Amino acid sequence: MSERSVSRAKQEKRWYTVHAPAQFDREVLGETPADEPDKVYGRTIETTLGDLTNSASENNTKLTFKITDVGSDSAYTDFVEHSLTRDYLRSLVRRGASKIEAYVTVLTTDDYRVQIQPVAFTTKKADASQEKAIREKMVEMVEEAAQERTFEDLIDGVVEGRLSSAIYGEAKPIYPLRRVEIQKTTLEAHPEEVAEEQATAVNVDEEDVATDD
């Protein structure tokens with residue numbers, strides 16, 4: 001390709017300003033180039049909560065968004081994942097104490113399927129029964145939160161620390177806790193995907209019934 005052709009190809013590319021979802025106030029996440037709008041769809045953007053709020057104390061929270069809508073010179077995203085940095089999680093670990101994790105998959109009131117991973121850090125070493133009780137309490141509270149909230153409200157509660165604070169308050173009587181965090185939150189399926197899965201499951205069940213003489 002000649003230098004002129006390369007230059008023309010570069011000129012044909014347009015830069016799109018990428019925005020966070022409405023629940024994050026449509027903050028600008030950056031820019032992405034493309035020679036066709038269709039090529040922008042599906043791109044993921046990773047940032048920190050600190051970048052969105054201009055607060056360095058929140059840089060240990062990572063947020064991942066995916067571009068799902070494109071305008072003339074702007075691209076708009078949906079939430080994909082929230083996670084805490086490895087360095088921050090490592091800083092919470094103490095020798096002689098317990099680290100208790102749980103993995104909970106829930107459905108929000110507006111039918112988004114989300115996996116949430118809470119983690120609790122005790123002040124000293126808890127025994128097996130205490131660890132089990134704390135884990136069960138974390139699972140119970142995450143499930144209750146999803147049953148009462150829309151996807152957006154649930155993610156707000158996770159990112160702003162309200163869910164982890166609530167778990168801390170309910171679980172600390174079981175055994176003294178030093179910290180509770182939501183270490184990761186992942187969107188697994190949108191409502192239309194959940195509906196399709198449920199419809200498929202119903203069809204399979206009906207076929208099984210139909211062939212059962």
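The following questions and answers concern a predicted model of one protein chain.

Visitor: How many helices and strands does the protein chain have?
Guide: Buried residues make up 38% of the 213 residues in this predicted chain. Its secondary structure consists of seven helices and nine strands.

Visitor: What share of the contacts with a separation of 6 or more comes from residues 24 or more positions apart?
Guide: The count takes the contacts in the protein chain with a separation of 6 or more. Within that set, residues 24 or more positions apart account for 58%.

Visitor: What percentage of the accessible surface belongs to carbon and sulfur atoms?
Guide: The accessible surface of the protein chain comes to about 12500 Å². The part of it that belongs to carbon and sulfur atoms is 43%.

Visitor: Which residue of β4 is the bridge partner of Ile45?
Guide: Strand β3 covers residues 44-48 and strand β4 covers residues 61-70. The two pair in the antiparallel sense over five bridges. In β4, the partner of Ile45 is Phe65.

Visitor: Is Ser74 buried or exposed?
Guide: Ser74 is found in strand β5, residues 74-84. Its relative accessible area is 12%, and the cut-off for a buried residue is under 20%. Ser74 is therefore buried.

Visitor: Which side chain makes a polar contact with the side chain of Ser74?
Guide: Leaving aside neighbours within four places in sequence, Ser74 is in contact with Tyr16, Thr17, His19 and Asp69. The polar contact, at 3.4 Å, is with the side chain of Asp73.

Visitor: How far apart are the end C-alpha atoms of helix α4?
Guide: Helix α4 has 21 residues, 128-148, and at 1.5 Å a residue it should span 30 Å. The distance in the model agrees with this, because the end C-alpha atoms are separated by 31 Å.

Visitor: Within what arc do the buried residues of α4 fall?
Guide: The buried residues of α4 are Glu131, Ile134, Lys137, Met138, Met141, Val142, Ala145 and Ala146. Seen down the axis of α4, they line one face of the helix, because they fall within an arc of 165 degrees.

Visitor: Why can residues three or four places apart point the same way in an α-helix?
Guide: Such residues point the same way because the number of residues a turn in an α-helix is 3.6.

Visitor: Which residues are exposed on the other side of α4?
Guide: The buried residues of α4 pack against β6, β7, β8, α5, α6 and β9. On the other side, the exposed residues are Ala128, Ser129, Lys132, Gln147 and Glu148.

Visitor: How many of the nine residues of α5 are buried?
Guide: The buried residues of α5 are Phe151, Leu154, Ile155, Asp156, Gly157, Val158 and Val159. α5 is largely enclosed by the rest of the structure, because the buried count is seven of nine.

Visitor: What arc do the buried residues of α6 cover?
Guide: The buried residues of α6 pack against β8, α4, α5 and β9. In α6, Leu163, Ser164, Ile167 and Ala171 are buried. They are on the same side of α6, because the arc they cover around the axis is only 95 degrees.

Visitor: What is the phi of Arg26?
Guide: Most residues other than glycine have a negative phi. Arg26, in the loop between β1 and β2, is partly exposed at 39% relative accessible area. Its phi is positive although the residue is not glycine, with a value near 55 degrees.

Visitor: Where is Asp111 found?
Guide: Asp111 is not a glycine, yet it has a positive phi of about 70 degrees. At 36% relative accessibility, Asp111 counts as partly exposed. Its place is the loop between β7 and β8.

Visitor: What distance separates the C-alpha atoms of Asp87 and Asn60?
Guide: Asp87 is found in helix α3, residues 86-92, and counts as exposed at 57% relative accessibility. Asp87 and Asn60 are 27 residues apart along the chain. Their C-alpha atoms are separated by 8.1 Å.

Conventions: Residues numbered from 1 in each chain as written. Predicted model: local features only at pLDDT ≥ 70, side-chain atom pairs only at ≥ 80, totals over all residues. Heavy atoms only, no water. Helix = DSSP H or I, 4+ residues; strand = E, 2+ residues; numbered from the N terminus. Buried < 20%, exposed > 50% of the residue type's maximum accessible area, 1.4 Å probe, protein only. Polar contact = N/O pair within 3.5 Å; in protein donor to acceptor, adjacent residues only side chain to side chain. Contact = heavy atoms within 4.5 Å. Expected span 1.5 Å × (residues − 1). Arc of directions from axis to C-beta. Pairing = 2+ DSSP bridges. Areas by Shrake-Rupley, 256 points an atom, 1.4 Å probe, with all protein chains shown as cover.
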